[in-house]
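User: I am new to this structure and would like to learn how its features are read. May we begin with residue contacts?

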Amino acid sequence: METPELGICEDLAGLFRGEIRDDPLGRAIYASDASLYQVTPQAVCCPQDADDLAVLVKYAREERLPLFARGAGSGLAGESLGRGLIVDFSRHMHEVLSFGEQTVRVQPGVVLEGLNERLRPLGRYFPPDPSGSAVTTIGGMLGVDAAGSHSIRVGSTRDHVQSLEVVLASGVRFEAGVESVPGGLTELNEEFENRPEAVRGWLLSRLSHLLAANAEMIQERQPARQFRNRSGYFLRGVLSDGTINLPRLLVGSEGTLGLITAATLHTSPLPACRGVILLLYPSVDSAAEAVRHLVREEPSACDLLDRRILTLACEIDEQLARTVPPSTEAALIVEQTGGNEEDVLRRLERLVAAQQEIAAPGQLVWRAVGDREVERLWGIAHRVVPLLNRLRGETRPLPFVEDIAVPPESLQEFLHRAQRVLHRHQAVASLYAHAAAGQVHLRPFLANPTPASASKLEELARDLYEAALALGGSLSGEHGLGLARTAFLRSQYGPLYRVFEQIKRLFDPENLLNPGKVISDDPHLTVRHFRPAEEPQLPLHQVQLEWSPVELKEQAARCNGCGACRTQGPEGRMCPFFRTEPDEERSPRAKANVMRWLADGTLPATVLDQPEMERLTRSCFNCKQCELECPANVNVPHLMLEAKAQRVAAHGLSRIDWFLSRLHTWGNFGCRVSPAINLLLQTRLGRWLLEKSVQIARQRKLPRFARRPFLQTARRKWLMPPASFAAPRPVIYFVDHYANYHDPDLAEAFCRIVEHQGLRVHVPPGQRPSGMALISAGDIEAARPLAEHNIRTLVEFAREGCPIVCTEPTAAVCLRQDYPRILNDGEAGLVAGQVIEAGEFLRQIDQQGNLRRNFSELSMNAAYHTPCHLKALGAGEPLADLCDLIPGLEISRIEHGCSGMAGVFGLSTANLAESLAIGHDLIERMATDRFGVGMTECSACKMQMEQRTTRPTVHPLKLLALAYGLMPELKRALQPSNNRRVIS
């Protein structure tokens, strides 16, 4: 990566209040988006507000530095990439400024889903609905005139804008609305060139003259029958009845005419009632034919999915999988709205009847009414396209011609022509279409582009665009031109392109705003800036985990940059660090990009030694939720473990990280002196000494040490090796650190429960703690001997087919997922294949009909929190499900995301504030709601749940043992205790 030749940080010191990143790491993070492209910027700037942006723009003009606006960076065309200054609006400018009766005023970094959450209590919403609404910013939607599935009814973003606050390339800022046409051409001299009103008047006079002079050409080249058209500057209707609608022009201009700092948007009432149907077809052609009949009923949405998309949808939804037969080749999701349920059902019936005229009518397999069920089906549809990146093989669906739009009545014919083009190029493609609007999202399956394949890619794009343009279509319907399509714009507009050039010069005479997009002289721009495909150059220190540099790069390259990891909504747990502070550097996408660049040599290995890299790696504590929820399942946790291990191998651990990662080594000592140490930990003096000596936060409530470890007190029969491995095979219990040294009752409860099912238990006495804290800290050299010892202890049992059961989800994750990555032998994989979490193990017994259900009544209510590592195991919430069988026990499942403890992460003074911020909602819920007891499988989550309350949190196994009558003494663990008092 080249070194920037500018001192922007120094130049703007004391003037620009936001962050500026011109270090190699920061620039690498912003060098790509969700497209196929990669362009390294000179710096990244995150303005605090509009005044801050104006300062930046004036500086950029003086230094002739291009500016590239960026929201979530989820665009598919590379529209936010460039070699100048990236302006990240999502970092700070994300406030909802005010609400009106029918409008809302927002900054550009506001996320669409968050905005609609704020509007919902008012009975209103912002209607455009691009599929990435959980991460898409309003600024991004304004930039590309985003639409979505419901555009046939609600239109696109452009149709819902009242006014925009815009900063021009000159640094002048003004409010752009529907303006009166000036009487004649005005001049702008130096005296007035920085006055907003003078600049606006000059722009309006020049623009009105230009539009009036070319009115006939505009009408011809941008006809009304083009329902969706996002190619070039949208000029139709900008000049009308003596007014100029500036927002109509600026929306969709991709930041090439001005930078939007605020927008007043029209909102709409929420639909009174919605209903949706799913129709299945034997071919794409019959589905496309059905669309022509369905649109007569004026549906609010009508989307077409091909077989590939449907197959992926069935993988993520069991009900859909049971509904869709394998012979299905296409489906239509069709929605109607109405005043009430009866009205909607009647309209849905008319939809089903309307398509009966075609030769192969669709089969109705799903009908739903009401927001919850309707959103469920749309949620599946919107989640499925990013899942295309999970597909493995030499080819993958590439998003470079994915935004073609045609008149809706020409959709069927275009799909015929597109199929012939693909056949000619020996390619296949996935298809998702907003069919009623003529919007076609087509992704050909091709190998990752290289310089050698560039010409073929360009030729395929040209042929598909020609097929669309011949039918009166457009290169782009809602995703913008960017780097992917700008080069083809002349072919769509002919002489009108010159008008676009004049408009660009009018607003941005020095070509500083997103240069190369919309207006460009490069006929091969489409294939100029593909992500590099070179083999790894091995710049890293010796690779610490068990993968080759090639495998490492391939894993990192699986990140397509879709931005799903930037979500902050209530659904899922994607990146707790990004949720607490929405900085691109904290997103899993940024981490994957950095590791990809390190692996291919674009970033030098010396970056690993920089403070910026330490900050990046510390914003990952191996919760594994990003891998779980990433559409492409990118293994970001292990990529970050590799980065941490690289740093530890070169520099070692800090004192506090060294101590915390080795807490398990103090277990035996803590138990031997437990009376003294437990008493000391309950005093302010003791907590103060602990903080000053080893930096464990004095505010953090800590678990008590047991008088003796479980492995020393366990029943002899559990510790004795099995006499035989005859069926049913003995259950091998891996105890780990917490149950052994802090909660032997938990280990005892598990063993008794297993015996209660008529099974044998064996607790290998030579086992050691899993060492997950060492692994998460990146100290692989210290973790490896522990892992090797445990694998030697467990491997013979694994060979005999014995289940290896963990009551701590983190231990199960460690043995199943992390040990094979740090050990280079087949035995780790053999053990991993037999590891199972205790709840999943007991549920399997229950599913076989062998679980005893002789539970006595437990009259209490419990609040259950699902640990992140339990989610990572992919087995659901089996122990909570089993506890539901206990009479009298009422369980409330509370979902407030990650607890923020992450093992030892939340213990240190350095991490306390972040840990409490991540777990804030969970902590508050446990402290304020009237639950009798908390319940979770994770010992670290237990600490966080007890942080601000005297109410205990217990492992579900203890409640099962108590309900079985196996351990009546456990009742004392359910009582509030002074030992759990809040420490301030």
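Analyst: Contact means heavy atoms within 4.5 Å. The model discussed here is predicted. Leaving aside residues up to four places away in sequence, S156 touches P128, D145, A146, A147 and R228.

User: Where is S156 placed, and with which side chain does the side chain of S156 make a polar contact?

Analyst: S156 lies in the loop between α6 (151-154) and β8 (161-167). Its side chain makes a polar contact with the side chain of D145, at 2.8 Å.

User: Does S156 count as buried or exposed?

Analyst: Buried means under 20% relative accessible area. S156 counts as buried because its relative accessibility is 3%.

User: How is a pair of packed helices described?

Analyst: Two packed helices are described by the angle between their axes and the distance between the axes. Here, helix α20 (residues 549-557) packs with helix α22 (residues 588-599) at about 145 degrees, and their axes are 8 Å apart. The crossing of α20 past α22 is left-handed.

User: Which residues meet in that pair of helices, α20 and α22?

Analyst: From α20, P549, L552, K553, A556 and A557 meet A592, M595, R596 and A599 of α22. The residues of this contact comprise 7 nonpolar, no polar and 2 charged.

User: Is T936 buried or exposed, and where is it found?

Analyst: T936 is in the loop between β29 (933-935) and α43 (939-945). With 2% relative accessibility, T936 counts as buried. A polar atom of the T936 side chain lies 2.9 Å from the backbone oxygen of H865. Beyond four places in sequence, the residues that T936 touches include Y864, P867, C941 and V954.

Methods: Residues are numbered from 1 along each chain as its sequence is written. This is a predicted model: local features need pLDDT of at least 70, side-chain atom pairs count only at pLDDT 80 or more; totals for chains, interfaces and linings use all residues. Side-chain values use heavy atoms; hydrogens and water are left out. Axes are lines fitted to C-alpha atoms, for helices over the stretch in contact, and angles run from 0 to 180 degrees between N-to-C directions. Helices (H or I, at least four residues) and strands (E, at least two) are DSSP runs, numbered from the N terminus. A crossing is left-handed if the near helix is turned anticlockwise from the far one by less than a right angle, and right-handed if clockwise. Ala, Val, Leu, Ile, Met, Phe, Trp, Tyr, Cys and Pro count as nonpolar, Asp, Glu, Lys and Arg as charged, and the others, Gly among them, as polar. Buried means under 20% relative accessible area, exposed over 50%, partly exposed in between (1.4 Å probe, protein chains only). A polar contact is a pair of N or O atoms within 3.5 Å; within protein, one must be able to donate a hydrogen and the other to accept it, and residues adjacent in sequence count only if both atoms are side-chain atoms.
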